[in-house]
Amino acid sequence: MEIIREPGSTAAPAADERKVRTVPSMCQMCTTACGIIGHVAGGRLLKVTGNPEDPNSQGAVCAKGVAGPSVLYDPYRLLYPLRRVGERGSGKWRRITWDEAYAEIADRLREIRERGKPEEFAFQQGRNRSADIVARFLNAYGTPSHFNHRALCSSNRRAAIATTIGESDWDLGDFENSQFVLNFGANWAEAHQGHIPVAIRMMRARQKGAKLVTFETRLSNTAALSDEWFCVKPGTDGLIALAMAHVICSEGLWDRKWLDTWSNPPAEKIAEHVSAYTPEFAERESGVPAADIRRIAREFAAAAPRCTTICNRGSQSHRNGYYNDRAITMLNALVGNMGKPGGWCWHPKSAWDKDLLPEPGPVPDKPTAKSVIAEAKDWPLANAFKDKKMKVGQIVYPWIKERRQKISALMTYNADTAWSFPESHLVRSVLADEELIPFHVCIDVMYSETGHLADIILPWATYLERWDIDARPPQGLVDYVGLRQPVVPPRGESKDIREIFPEIARRIGGGMENYFPWKTVESYFEEYFKPIPGGFATMRAKGIWLDPTKRPYYEPHVKRLTPEDLEGAREDPRTGILYKGTDEDGAPKAIGIMVKGVARRGFLTPSRKVEIRSDFIVAKGREANRKIEPLPVYEPIPSHQRKFPDDHFVMTSFKINVHNAHRTMQSKWLQEISHTNPALINRRSAERLGIRDGDWIEVESFRPEDAEVPRGDGSKVGTLQTRVRLTEGVHPLVVAIAHNAGREVGGAYATNGKDQQDNPGFAKIADADLDRLWWEGAISVPQNDLLPVYPDPTVGGQAYHDTVVRIRRIER
Ligand SMILES: Nc1nc2c(c(=O)[nH]1)N[C@H]1C(S)=C(S)[C@@H](COP(=O)(O)OP(=O)(O)OC[C@H]3O[C@@H](n4cnc5c(=O)[nH]c(N)nc54)[C@H](O)[C@@H]3O)O[C@H]1N2
Ligand SMILES: Nc1nc2c(c(=O)[nH]1)N[C@H]1C(S)=C(S)[C@@H](COP(=O)(O)OP(=O)(O)OC[C@H]3O[C@@H](n4cnc5c(=O)[nH]c(N)nc54)[C@H](O)[C@@H]3O)O[C@H]1N2
Ligand code: SF4
Ligand SMILES: [Mo]
């Protein structure tokens, strides 16, 4: 095997350097966290392959996973701590030592804490996979101002599922055993949080003859891999589902017995509710022919219980996303496939079994201080579900600007909010303002648009150099646990946050240090993995552990309660709900429900049934003066309810298969494959405007005219200039722009040759490929400069696909 030498090195490899070692770990080029194997020789990562031990990904990896080495050895990686020397945002930096960085950060944070204002230290994270250490640090500090990105990602869908079944906020269709999969806007072949695990099971189902039907605004690769694709008007998926529900109810295609046993409300009431949603009404709004809606509803019901829905950002990232996903989820209840093999399933563990593997050592309590921004009280369902705090991330920077919460220090970590959040120009203006944010520390592996606006940048080790305990919702319905371990030691002076946070805590002192007693990261994980047979050593050797005695999580609600469970329990004669003892709030604790004389566990909702109707959410709405409908409804998107002039469109967003948000754009391998994001417009719509393929256009976006959203006054948000790609594969009313583009900083690869700045933090690895950057100047535009902050009024999930834009052809 040829050994790739460290660039610049001319020495011949020593004999032992030629030996290839394999190190199991977990990918983090996207959220799916597939098990991987790093192939290492002479201290250098040669390639990444899949770990067959991983029950989710089963040895498969995608192109992004394979591209790991290109991130690890990126010449523009940050390897040294940096202190700003010029004005904030000027891009002028001085290399400093870790000691200097730690001292300044600890002094700043200690002062805030000792002043008794811990909430003035805000922490902004994105896709965090090191949740244990982050929460430990923030809770030990005492700050509640822990901002996340869930509302930017999945909160509407999660809330819809939590409302309906209580136990989980993540559905795991049993695709592999399914015969019919109805897809509302999940791009599982190219994206999706469960990308590889879902895609491999979908393909197996197809080989076994399953039918896949996809509703999409665009001919995605998922749509192309489906048996049927219907091009829908944005924001109408919920109505299509309601119309299918109407067909299923009115034609008696439902599983009446199941519904009358397990549904709240019973079958008749659902039928009554959906009767207004005729397929003809759905056709008028969505463009999907009524005859097809009828036919697909019948096919779906005929395949029950081996049928399931899947949905994702296509259906939920809308102003009406919460209702859309509740309507889609309801279809499964109607045909009685819930929890059944081949049906719509879920699992109580969104990660590993935390009863078996509790966090080691002294765990700090949650903070008692309050954060107005984290509480987001205007959105009644953002934090309504126990242990499932979603928050409303897109209001963080507008609310800081409005001075609703004072911030004295901000730490950004694993999030490039200045690029990935809507109204990103507003985010940037807040980050640049030293009055609003007096001190900003950014922790990142890359020089990002957010780091560009920091005072100190800490170089973080990449996922190939750091430690984590990790797992994802188990697509095979049996939970597992994985270890992310360094496949090579951290490059330069970059460090794992598992070293950074304990050191800052020790330097802040005041008791914080007591929560970090471990001398090394390894000793922490040794303790963490003790309950696993073979412990840490086995985890290091295999990367993954799955309890072989566990069985797939089918139909947990039917489980009979044991005589011990029932000892001392009492039944509410009106509802059949069984109570025993009290919960942590002192309320009677429900343990099950009587079903035809049998005591069963039931669903973990207030009614112990599937809640198509939820009184809990109505009450939550009332507390916040917001009307929430108890049953799923179609709420048209206000700004879409008018005749669009020819030059007005709805701008949607989508993800490119070889890119993941911000984090892959510095990979030269991936950027070479995909480095541009033209505006996709339907050929017929473009013809009306005299726009030809490749023409330049200006896209101008507007805030919705919608009283319930911040500044919902129809005003302009932003403009950008880009080129057009004409296609038949996009809805005539839609302009679709991919979001994985538009970087301004981060080095030549990320910016298509634009950013050549000499940053003292960069790795500066000699890289002959830089001379081969043939795509220099390719158009790559930041979509988030056009998107208004637009949260769903109940949950707060960002409406990514609802922005009204005007388009005009320009000469350039
Ligand atoms: N390659 C890649 N994979 C990723 C990511 C990535 O950035 N790149 N990110 C990861 C993350 S964080 C997430 S949250 C997931 C997201 O995974 P997905 O939700 O599966 O992917 P998206 O591209 O966000 O959106 C899905 C599709 O919705 C379509 N769409 C827009 N409006 C509508 C509509 O009204 N109805 C319907 N039916 N479709 C509509 C878009 O055209 C798009 O193709 O992917 C994860 N995996
Ligand atoms: N217009 C539009 N905007 C969107 C979306 C959309 O569909 N359209 N999707 C939204 C969604 S679903 C999400 S989840 C957010 C995601 O948005 P972010 O959370 O901002 O995106 P990430 O790519 O996860 O990048 C976070 C940071 O992690 C760093 N990083 C950390 N560890 C590593 C590592 O080991 N390797 C590499 N390469 N980088 C690392 C990256 O450098 C990056 O700065 O964006 C949202 N924004
Ligand atoms: S799906 Fe995500 S986690 Fe899996 S290999 Fe691809 S980038 Fe890595
Ligand atoms: Mo996401």
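Start by selecting Leu-182, Phe-184, Phe-215, Met-244 and Leu-331, which touch the most other members of the 76-residue largest nonpolar core. Such a core is a set of buried Ala, Val, Leu, Ile, Met, Phe, Trp, Tyr and Cys residues joined through side-chain atoms within 4.5 Å, with buried meaning under 20% relative accessible area (1.4 Å probe, protein chains only). This is a predicted model, in which local features need pLDDT of at least 70 and side-chain atom pairs count only at pLDDT 80 or more. Residues are numbered from 1 along each chain as its sequence is written.

Next, show helix α9 (residues 237-250), which gives the most residues to this core, 10; helices are DSSP runs (H or I) of at least four residues.

Now centre on Leu-331. Beyond its neighbours within four places in sequence, Leu-331 is in contact (heavy atoms within 4.5 Å) with Leu-182, Phe-184, Ala-241, Met-244, Ala-245, Ile-248, Phe-300 and Thr-309.

A second, separate core has 59 residues; select Met-29, Phe-121, Tyr-413 and Phe-501 among them.

Move to ligand 1. It is surrounded by 34 residues (a heavy atom within 4 Å), the closest being Asn-187, Glu-216, Arg-218, Asp-237 and His-659.

- Asp-237: an N or O atom of the side chain is 2.7 Å from a nitrogen atom of ligand 1.
- Phe-215: a polar backbone atom is 2.8 Å from a nitrogen atom of ligand 1.
- Asn-312: a polar side-chain atom is 3.0 Å from an oxygen atom of ligand 1.

Note on methods
Chains lettered and ligands numbered in written order. Heavy atoms only, no water. Buried < 20%, exposed > 50% of the residue type's maximum accessible area, 1.4 Å probe, protein only. Helix = DSSP H or I, 4+ residues; strand = E, 2+ residues; numbered from the N terminus. Polar contact = N/O pair within 3.5 Å; in protein donor to acceptor, adjacent residues only side chain to side chain.
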